[in-house]
Every structure is written in C-alpha cells, then in structure tokens.
Amino acid sequence: MEEIRSKDNPLVKALVKLSGSRKQRREENRFLLEGARLCSDAVRSGFRPQIALITEEAMEKYPQASEVAQAADRVIMISKDISQKLSETAYDQHALCLSSVSPEIVQDLYDICAPLVPKSGVRVIQMAIDIYL
C-alpha cells in the first residue's frame, strides 16, 4: 500500500485540479467520489475505482473503506490534511475514490433514471451528471 503525506505530491495536485474543474473531469472522463459509503455504493454498483485514497481513521471507522480498498486498482493512504484538501464537503469523510466513466454510461444512467423520477428529480439527475462530468 502506498502512502502520500505531502500536499505538494503531483498526484494530489492533479486530483485537486480534477475535483475543481468540470472541464478537466470531462477531458479525462474521470471523477472523484467522496466518502466511504458513496465509494462503497459505487463499487457495489459495478464501478472499479482506479485509486482509493483513504486515511487511517477511515479504515478504522468505516467498514466500507476496506471494501473500497479491496476493489481498487491502487490504494493510497493519505493524511488528514490531504483528505481535507481534496474534500468538497463540509465534513471531510477521509475516503475518496477516483473512477473513470464513459459518456455513454452517463447517458445510459440518465436514460434509465429520468423516467423513474418526478420532473424535479430529473433536474437533480442532470445536475449530478453535470457536476461529475
């Protein structure tokens, strides 16, 4: 298992750029999910994380974190500082995963979900797609 403790690490810088730029996410067809539960749900839905970024605290606190780590191609233990730097939520959950997705999958997801939810929900689905890609 790898370990990153420096915010100046090139991967950390690339992930900060990815998480803060819709254009970057679209160009790379990759996105970051935050939180052990969300990452675990993605794994259970068939996503295979390219990288799981997890703090020691998350491994101890969230059983889902080890599930995500087992499914990921690469696992990196990160410091709380790095987790907070990558976090876009008010309360950092100390677990993130990087995944790729094709535009076809996004369109399929939209096509499947849109008829199943009220019109306001369709807007939420579209917003989620726009945020991640």
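**A walk through the predicted fold**

In helix H1 (residues 10-20), the buried residues are Leu11, Val12, Leu15, Leu18 and Ser19. Here buried stands for under 20% relative accessible area, exposed for over 50%, and partly exposed for what lies in between, with a 1.4 Å probe and protein chains only. Helices (H or I, at least four residues) and strands (E, at least two) are DSSP runs, numbered from the N terminus. Because the buried residues of H1 fall within an arc of 125° when seen down the axis, they line one face of the helix; the arc is that of the directions from the helix axis to the C-beta atoms. The face turned away from this buried side carries the exposed residues Pro10, Lys17 and Gly20. At the start of H1, a side-chain oxygen of asparagine 9 comes to within 2.8 Å of the backbone nitrogen of leucine 11.

The model is predicted: local features need pLDDT of at least 70, side-chain atom pairs count only at pLDDT 80 or more, and totals for chains, interfaces and linings use all residues. Residues are numbered from 1 along each chain as its sequence is written, and side-chain values use heavy atoms, with hydrogens and water left out.

The protein chain as a whole has eight helices and five strands, and along the sequence they follow the pattern β-α-α-β-α-β-α-α-β-α-β-α-α. Of its 133 residues, 41% are buried. The accessible surface of the chain comes to about 7,900 Å², and 53% of that surface belongs to carbon and sulfur atoms; these areas come from the Shrake-Rupley method with a 1.4 Å probe, and for residues only the protein chains shown count as cover. Among contacts (heavy atoms within 4.5 Å) between residues at least 6 apart in sequence, 66% join residues at least 24 apart.

Glutamate 2 and methionine 77 are 75 residues apart in sequence, yet their C-alpha atoms are 6.2 Å apart in space. Leaving out residues up to four places away in sequence, glutamate 2 touches Arg74, Val75, Ile76 and Met77. Its side chain makes a polar contact of 2.6 Å with that of arginine 74. A polar contact is a pair of N or O atoms within 3.5 Å; within protein, one must be able to donate a hydrogen and the other to accept it, and residues adjacent in sequence count only if both atoms are side-chain atoms. At 34% relative accessibility, glutamate 2 is partly exposed.

Helix H3 (residues 36-44) also has a buried side, made up of Ala36, Cys39, Ser40, Ala42 and Val43. These residues cover an arc of only 160° around the axis, so they sit on the same side of H3. They pack against strand E2 (30-34), helix H5 (63-71) and strand E5 (95-100). The face of H3 turned away from them carries the exposed residues Arg37 and Arg44. Just after H3, glycine 46 takes a positive phi of about 110°.

The largest nonpolar core has 18 residues, and Leu33, Ile54 and Val68 touch the most other members. A nonpolar core is a set of buried Ala, Val, Leu, Ile, Met, Phe, Trp, Tyr and Cys residues joined through side-chain atoms within 4.5 Å. At least two residues of the largest core come from each of E2, H3, strand E3 (51-54), H5 and E5. A second, separate core of 14 residues includes Ile51, Ile78, Ile82 and Leu98.

Charged pairs come next. The whole structure holds nine salt bridges, each being a side-chain nitrogen of Lys or Arg within 4 Å of a carboxyl oxygen of Asp or Glu. In one of them, glutamate 3 and arginine 5 have their closest N and O atoms 2.7 Å apart. Glutamate 3 is exposed at 52% relative accessible area, whereas arginine 5 is partly exposed at 40%. A network of salt bridges links Glu3, Arg5 and Glu56.

Lysine 23 bridges to glutamate 27 at 3.9 Å between the closest N and O atoms. These two residues are four apart in helix H2 (residues 22-28), so about one helical turn separates them. Both lysine 23 and glutamate 27 are exposed.

In the loop between H2 and E2 lies asparagine 29, which has a positive phi of about 50° although it is not a glycine. Glutamate 28 and arginine 30 form a salt bridge with closest N and O atoms 3.0 Å apart. Glutamate 28 is partly exposed at 29%, and so is arginine 30 at 24%.
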